[in-house]
Amino acid sequence: MVHKGIALPVEWMEEVINLVAERLVVVDRDGIIKYMDSAYCDFLDIRPSHSIGRHVTEVIENTRMHIVSNTGIPEISSVQSIKGSEMIANRYPIFIDNELKGAAGTVIFRNPQEWLDYSEKIQPLLDELNYYKRRYTKENSSKYTFRDLAGKNKAFTAAKALAERGSCSQSSLLIIGESGTGKELFAHSIHHNSTRSRFPFIRVNCASIPEHLLESELFGYEEGAFTGASKGGKKGKFELGHKGTVFLDEIGDMPLPMQSKLLRFLQEKEIERIGGQMPKAVDVRIIAATHRNLEEMVNEGTFRQDLYYRLNVLKIEIPPLRERKDDLMEIANLLLKKLEKKFFRQNISLSKSTEPLLLNHSWPGNIRELENVLERAINILDGHIISAEHLPLYLQDAAVPAPVIGNPPREEEPVKPLKETMAAAEKEALERALKKAQGSKQLAARLLGIGKTSFYDKCRMYHIKI
Ligand SMILES: Nc1ncnc2c1ncn2[C@@H]1O[C@H](COP(=O)(O)OP(=O)(O)OP(=O)(O)O)[C@@H](O)[C@H]1O
Ligand SMILES: [Mg+2]
């Protein structure tokens, strides 16, 4: 090792390197190790002769020396995990006569005790940081993929196919569906399948954020923008979602003034924090969802027409569960698998007798309602088979065929006044309920979904003996 005219014996150089606090490795442009000091070799349990000439990735864990020797860009104070410990690494490109020749890298540790002291202080902080990093990534990334969307129903698979195609586009997307049909699942899957999947998926529930907070939630604010504003300001959801997807759930509940601001953002693709001076370009894709009828809202003047058109570039309509009964049992079984995990149970199945009950119901709460029904059943289940008695009463009753009033009506039979027909139906329903409840008035009233007093009143009115 000779430096332009100053000769320093090689042994001296070696000793100097051993004395300083950092360990040293030198690689050429291809990442091949040219030098590694002996203490570093000791630490890695390798003989110096075995390190020289090998690619640095084969010798040092998590190294980036081969990258720095290639890009010429230094990396200072990065954290590198070696043998289960975090170390501070500095990596410098080596330029000789302006030409990139390789890189020199140092890691800090002088002796085991010093490293241990340092490690004890730093390690808990790094663990904490990693925990929050993992949590952040988990919360702001998509959890579901198209594979999680069960169902073979025609209208449903058409919606799924459209969503899959739409995931490749950058246009805004609108998901329409009743409550519990899987709108959020669709939004996750679309993000997951898109080129933005490595970037955040940010969900905003427009219905749950108070109106006066929605603007700062979406656009963020600068320090001192208002009393109580956090120090350093706060990023809004659009800024957080940069390069990713922002899912505006329950968009139908967004107040009109915010709709205007959202429209401006969609047109300009720029945000301005509250109290901020400079607009900032933000690249996000918007997926909006609602269970409301936006067209009706546009007609009523409660939803901006121009915003509706902006969002409605791609519209996906998820059919309600009652229109996809052919998928019901498949979904129910899939949900059971999910619930088994949640409750640490195994091999739970639905008995055949539950099938007509599940199929007869109209499921106003859609898949979420089905999930709740199954969760409730598992909670009261002793064995492994869910049967009719584990289902809520309103479902148990669904199997009862529509009451036939008197004799089956024949074409030639005169049409009776509606009041009379309804009274006959009511009387029959009361009798059937009493029979099914084996005389228990309380249960009969429950089966009918009416109060006990009203049940007694009606029985008296129709002269039913109780
Ligand atoms: N196709 C599907 N296959 C399996 N599970 C589904 C499917 N669609 C929805 N689910 C499940 O149903 C539940 C409701 O779905 P999600 O939250 O996406 O509905 P939503 O339309 O956003 O409802 P809401 O309007 O109430 O917010 C979730 O637990 C989800 O996992
Ligand atoms: Mg939802």
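Me: In this predicted model, is alanine 103 buried or exposed?
Reply: Alanine 103 has its place in strand S7, which covers residues 99–108. Leaving aside neighbours within four places in sequence, alanine 103 is in contact with Val25, Val26, Val27, Met65, Val68, Ser69, Tyr92, Pro93 and Ile94. The relative accessible area of alanine 103 is 0%, and because a residue under 20% is classed as buried, alanine 103 is buried.

Me: How many Å lie between alanine 103 and leucine 8 in space, C-alpha to C-alpha?
Reply: The two residues are 95 residues apart in sequence. Taken from C-alpha to C-alpha, the separation of alanine 103 and leucine 8 in space is 21 Å.

Me: What radius of gyration does the chain have, beside that of a compact globule of 466 residues?
Reply: The domain assignment divides the chain into domain 1 (2–108), domain 2 (146–319), domain 3 (322–396) and domain 4 (418–461), and the C-alpha centres of domain 1 and domain 4 lie 87 Å apart. Along the principal axes, the C-alpha atoms fill a box of roughly 120 × 55 × 45 Å. A compact globule of 466 residues would have a radius of gyration near 23 Å, whereas the chain has 34 Å.

Me: What percentage of the contacts in the chain with a separation of 6 or more is accounted for by residues 24 or more positions apart?
Reply: The secondary structure of the chain comes to 20 helices and 18 strands, and buried residues make up 39% of the 466 residues. Among the contacts with a separation of 6 or more, the share that falls to residues 24 or more positions apart is 63%.

Me: Why is the pair of phenylalanine 156 and phenylalanine 186 classed as it is, and what is the class?
Reply: The count of aromatic pairs comes to 8. In the pair of phenylalanine 156 and phenylalanine 186, the ring centres are 5.9 Å apart and the planes stand at 85°. Since planes over 60 degrees apart count as edge-to-face, the class of this pair is edge-to-face.

Me: Which helices does the pair of phenylalanine 156 and phenylalanine 186 link?
Reply: The pair links distant parts of the chain, with its two members 30 residues apart. Phenylalanine 156 is buried at a relative accessible area of 2%, and phenylalanine 186 is buried at 0%. Phenylalanine 156 belongs to residues 154–166 and phenylalanine 186 to residues 183–192, and these helices are H7 and H8.

Me: Which residue has its charged end over the ring of phenylalanine 156?
Reply: The ring of phenylalanine 156, which also pairs with that of phenylalanine 186, has a charged end sitting over it at 3.7 Å from the ring centre. That charged end belongs to arginine 324.

Me: How many of the 10 residues of H8 are buried?
Reply: The buried residues of H8 are Lys183, Phe186, Ala187, His188, Ser189, Ile190 and His191, and they pack against H7, S8, S9, S12, S15 and strand S16 (314–317). H8 is largely enclosed by the rest of the structure, because the number of its 10 residues that are buried is 7.

Me: Which parts of the chain does the pair of phenylalanine 238 and phenylalanine 265 tie together?
Reply: The rings of phenylalanine 238 and phenylalanine 265 are stacked, at 4.2 Å centre to centre with 20° between the planes, and both residues are buried. Ring pairs also link Phe219, Phe238 and Phe265 into a cluster. Phenylalanine 238 and phenylalanine 265 lie in parts that are 27 residues apart in sequence, so the pair ties together helix H10 (residues 237–240) and helix H11 (residues 256–268).

Me: Which element gives the most to the largest nonpolar core?
Reply: Of the 31 residues in this core, Phe238, Leu248, Ile251 and Phe265 touch the most other members. The elements that give two or more residues include strand S8 (173–176), helix H9 (211–219) and helix H13 (305–311).

Me: Is aspartate 249 buried or exposed?
Reply: Aspartate 249 is found in strand S12, residues 245–249. Not counting residues up to four places away in sequence, aspartate 249 touches Glu184, Arg203, Val204, Asn205, Cys206, Ala207 and Ala289. With a relative accessible area of 6%, aspartate 249 is buried.

Definitions and conventions. Residues numbered from 1 in each chain as written. Chains lettered and ligands numbered in written order. Predicted model: local features only at pLDDT ≥ 70, side-chain atom pairs only at ≥ 80, totals over all residues. Heavy atoms only, no water. Phe/Tyr/Trp six-rings, centres within 6.5 Å; stacked < 30°, edge-to-face > 60°. Helix = DSSP H or I, 4+ residues; strand = E, 2+ residues; numbered from the N terminus. Buried < 20%, exposed > 50% of the residue type's maximum accessible area, 1.4 Å probe, protein only. Lys NZ or Arg CZ within 6 Å of the ring centre and 35° of its normal. Contact = heavy atoms within 4.5 Å. Core = buried A, V, L, I, M, F, W, Y, C linked by side-chain atoms within 4.5 Å. Domains from an automatic or database assignment. Rg over C-alpha atoms; globule rule 2.2 N^0.38 Å.
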